[in-house]
Amino acid sequence: MLKPAEDGQEPDGCVFQGETAITIDDKGRLAIPTGYRDLVARECGNRLVITYNPFEAGSLYLYPQPVWERVRDQINALPRTKSVSRNLQLKLVGAASFVEPDGSGRISVPASHRSAVGIEKKAVLLGMGDKFELWSEQAHHAQIRQTIGDADLGEDMLDLQL
């Protein structure tokens with residue numbers, strides 16, 4: 001589920017990994033998995049940032065605050081005269097909301113975010129290295145059913161030992 005940072009990783013203390021089925025309660029809250037709660041409190045100052053995944057429908061990004069600040073600054077440094085830059089700024093920075101776990105380890109996912117990506121009662125939380133991705137159950141199932149073919153592999157992937 002989580003492991004310490006290795007050489008070459010950003011020094012934020014750890015890497016998030018793993019898949020957890022999540023239930024969203026009637027108030028739009030989800031419980032952070034217990035294995036991550038101490039880590040979020042210690043490494044993130046108990047502050048996370050939730051925003052849209054600009055690359056795939058049905059998913060939100062959930063960043064630790066220190067990681068988010070680096071991403072935000074990179075996105076804001078892009079030229080605003082290019083539509084792709086403005087689109088990233090809109091989806092990532094413009095839609096970003098700070099969330100803090102309550103005493104029970106729950107965070108509130110804004111209704112606008114849940115609605116936009118189709119998250120209702122059931123969702124999937126994926127540890128993706130330096131951040132989490134929160135997927136609607138349907139979008140996650142569709143994504144994992146897709147296979148990767150030879151034509152999808154770039155040169156940088158050919159030497160992977162999976």
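Is Arg 42 buried or exposed? Arg 42 is exposed, at a relative accessible area of 56%. Here, buried means under 20% relative accessible area, exposed means over 50%, and partly exposed is in between (1.4 Å probe, protein chains only).

## About the model

This is a predicted model, where local features need pLDDT of at least 70, side-chain atom pairs count only at pLDDT 80 or more, and totals for chains, interfaces and linings use all residues. Residues are numbered from 1 along each chain as its sequence is written, and side-chain values use heavy atoms, with hydrogens and water left out.

## Salt bridges

There are six salt bridges in the structure. The term covers a side-chain nitrogen of Lys or Arg within 4 Å of a carboxyl oxygen of Asp or Glu. As a general point, side chains of opposite charge can pair when their charged atoms come close.

Back to Arg 42: its side chain meets that of Glu 43 in a salt bridge, at 3.4 Å from N to O. While Arg 42 is exposed, Glu 43 is partly exposed, with 27% relative accessibility. Another of these contacts links Arg 72 and Asp 73, with 3.1 Å from N to O. Both ends have some surface showing: Asp 73 is partly exposed at 43%, and Arg 72 is partly exposed at 25%. Then there's Arg 106 with Asp 102, where the closest N and O atoms sit 2.9 Å apart. Arg 106 comes in at 27% relative accessibility, so it counts as partly exposed, and Asp 102 is partly exposed too, at 28%.

Strand β4 spans residues 48–52 and is mostly covered, with five of its five residues buried. Strands (E, at least two residues) and helices (H or I, at least four) are DSSP runs, numbered from the N terminus. Two strands count as paired if DSSP finds at least two bridges between them.

On one pairing, β4 runs antiparallel to strand β5 (residues 59–64), over five bridges. Thr 51 has Tyr 61 of β5 as its bridge partner. The two strands make a hairpin with six residues between them, and Gly 58 in the turn has a positive phi of about 90°.

β4 also pairs with strand β6 (residues 97–99), again antiparallel, through three bridges. In this pairing, Leu 48 has Val 99 of β6 as its bridge partner. For reading the side chains here, recall that in a regular strand they alternate between the two faces of the sheet.
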